[in-house]
Amino acid sequence: MKHINTILHNKDLFTPGERKIADFIIENPGRVKQFSSPELADVLGISQSSIIKFAQKLGFKGFTNFKIALVEEWGQQSTERKNDVAYIHNEINSEDTFPDIAEKLMLEKQQALRDTTQGLDFSKLQQVVELIRQAGRVQITAIGGSSLIAKDLAYKLMKIGYPVMNEMDSHVQITVAQSLTAADVQIAISFSGSRREVQVAAETAKARGAKIIALTSLHQSPLRQVADVTLDTIADGSKTHSSSIAVRTAQHTLIDLLFVCLLQQGEEDRRELIEQSRKLVEKL
């Protein structure tokens with residue numbers, strides 16, 4: 001890499017502060033794009049002016065120009081390296097160290113969490129909270145990996161006293177959906193929104209008058225069309241099969257947020273159930 005090599009060859013000419021910048025860039029060339037000059041200065045514990053002067057010493061007008069050049073160079077090298085390494089999960093490849101893998105996974109999960117939270121329609125969240133609070137019964141449906149999210153949500157809601165039904169078998173889910181009424185709510189969890197089993201359960205429940213809450217992606221899917229309210233899970237599930245890691249992170253973000261909001265908005269006795277459960281478990 002041209003600019004990295006320039007930094008390496010001139011390290012002895014740098015001031016102590018500039019060497020700190022140089023070491024960070026050499027060790028983390030792919031991360032530089034995440035930082036503005038004030039943010040990088042804060043991370044390194046130096047002044048913003050030191051960052052700017054460093055870029056200018058390398059022939060750039062400022063840090064932004066330097067960052068753009070470095071990102072382009074790093075992207076070109078990454079493209080060339082893709083022919084030489086096996087990518088096992090999104091940006092994680094067969095040559096990554098364990099710390100590299102941990103860093104890349106953290107960034108991927110952070111992105112899914114941030115995108116889902118920032119893209120959330122809080123008026124819809126309020127509507128979902130009210131629907132669950134007023135529901136006679138709450139059915140939670142999902143299959144595959146999403147069924148683990150459904151089970152977690154069911155456990156959370158049961159902890160605070162909500163009448164929840166959650167079965168793993170898709171045939172049973174449809175049978176239960178047929179027993180719902182206008183007083184009930186069904187929460188359908190499917191990132192694609194196109195799983196036939198979840199769709200049939202939702203259509204069955206809606207025909208019985210139940211309200212349908214969908215936790216799904218932004219795609220215009222069959223589930224999205226049948227739902228009364230949707231909470232969007234935003235994650236990149238298109239790269240590899242194992243990218244469901246980001247999807248599950250987005251889904252977990254929503255169910256945790258839903259649980260805490262229900263806990264906050266709920267009656268005092270629901271919050272007391274949490275403490276009672278803790279005390280009972282301590283007796284074991």
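Because the model is predicted, local features need pLDDT of at least 70 and side-chain atom pairs count only at pLDDT 80 or more, while totals for chains, interfaces and linings use all residues. Residues are numbered from 1 along each chain as its sequence is written, and side-chain values use heavy atoms, with hydrogens and water left out.

Helices and strands here are DSSP runs, numbered from the N terminus; a helix (H or I) has at least four residues and a strand (E) at least two. Strands of a sheet pair through backbone hydrogen bonds, either parallel or antiparallel. In this model an open sheet of 5 strands has the order S4-S3-S5-S6-S7, and the pairing is parallel. Strands S4 (164-165) and S7 (229-232) are at the edges; each has a single partner strand, so one side of each has no neighbour in the sheet. Two strands count as paired if DSSP finds at least two bridges between them.

The pairs can be followed across the sheet. Strand S3 (residues 138-141) runs parallel to S4 and is joined to S4 by 2 bridges. Val-138 has Val-164 as its bridge partner in S4, and Gln-139 stands opposite Met-165 in S4. Towards S5, S3 has 4 bridges, again in parallel. Here Gln-139 has Gln-186 as its bridge partner in S5. S5 in turn runs parallel to strand S6 (residues 211-216), with 5 bridges between them. Ala-188 stands opposite Ala-214 in S6, and Ile-189 has Leu-215 as its bridge partner in S6.

How many residues of strand S5 (residues 185-189) are buried? Buried means under 20% relative accessible area, exposed means over 50%, and partly exposed lies in between, using a 1.4 Å probe and protein chains only. In S5, 5 of the 5 residues are buried, so the strand is largely enclosed by the rest of the structure. The cover is on both faces: Val-185, Ile-187 and Ile-189 are buried on one side, and Gln-186 and Ala-188 on the other. In S3, Val-138 and Ile-140 point one way and Gln-139 and Thr-141 the other way, and all are buried. S6 is mostly covered, with 5 of its 6 residues buried.

Helix H3 (residues 37-44) has buried residues too: Ser-37, Leu-40, Ala-41 and Leu-44. They cover an arc of only 100 degrees around the axis, which puts them on the same side of H3. The arc is that of the directions from the helix axis to the C-beta atoms. An α-helix has 3.6 residues a turn, so residues three or four places apart point the same way. After H3 comes Gly-45, which has a positive phi, near 70 degrees.

A cavity is a set of points, on a 1 Å grid over the protein atoms alone, where a 1.4 Å probe fits but cannot get out; lining residues have an atom within 4 Å of a point. Grid points are joined across faces, edges and corners, and a volume is the space filled by probe spheres set on the points. By this rule there is 1 cavity of 30 Å³ or more, and the largest cavity holds about 30 Å³ of space. Its lining consists of Gly-119, Leu-120, Asp-121, Lys-124, Thr-230, Leu-231 and Asp-232. S7 gives the largest share of this lining, with 3 residues. By class, the lining has 2 nonpolar, 2 polar and 3 charged residues. Ala, Val, Leu, Ile, Met, Phe, Trp, Tyr, Cys and Pro count as nonpolar, Asp, Glu, Lys and Arg as charged, and the others, Gly among them, as polar.

Some single residues remain. Thr-249 lies in helix H12 (residues 244-265) and counts as buried because its relative accessibility is 9%. The side chain of Thr-249 is joined to that of Lys-109 by a polar contact of 3.0 Å. A polar contact is a pair of N or O atoms within 3.5 Å; within protein, one must be able to donate a hydrogen and the other to accept it, and residues adjacent in sequence count only if both atoms are side-chain atoms. Thr-6, in helix H1 (residues 2-9), is partly exposed, with a relative accessible area of 30%. From C-alpha to C-alpha, Thr-6 and Thr-253 are 43 Å apart in space, and they are 247 residues apart in sequence.

Methods:
On a 1 Å grid over the protein atoms alone, a cavity is a set of points where a 1.4 Å probe fits but cannot get out, and a pocket is an open set with protein on both sides within 12 Å along at least five of seven lines; lining residues have an atom within 4 Å of a point.
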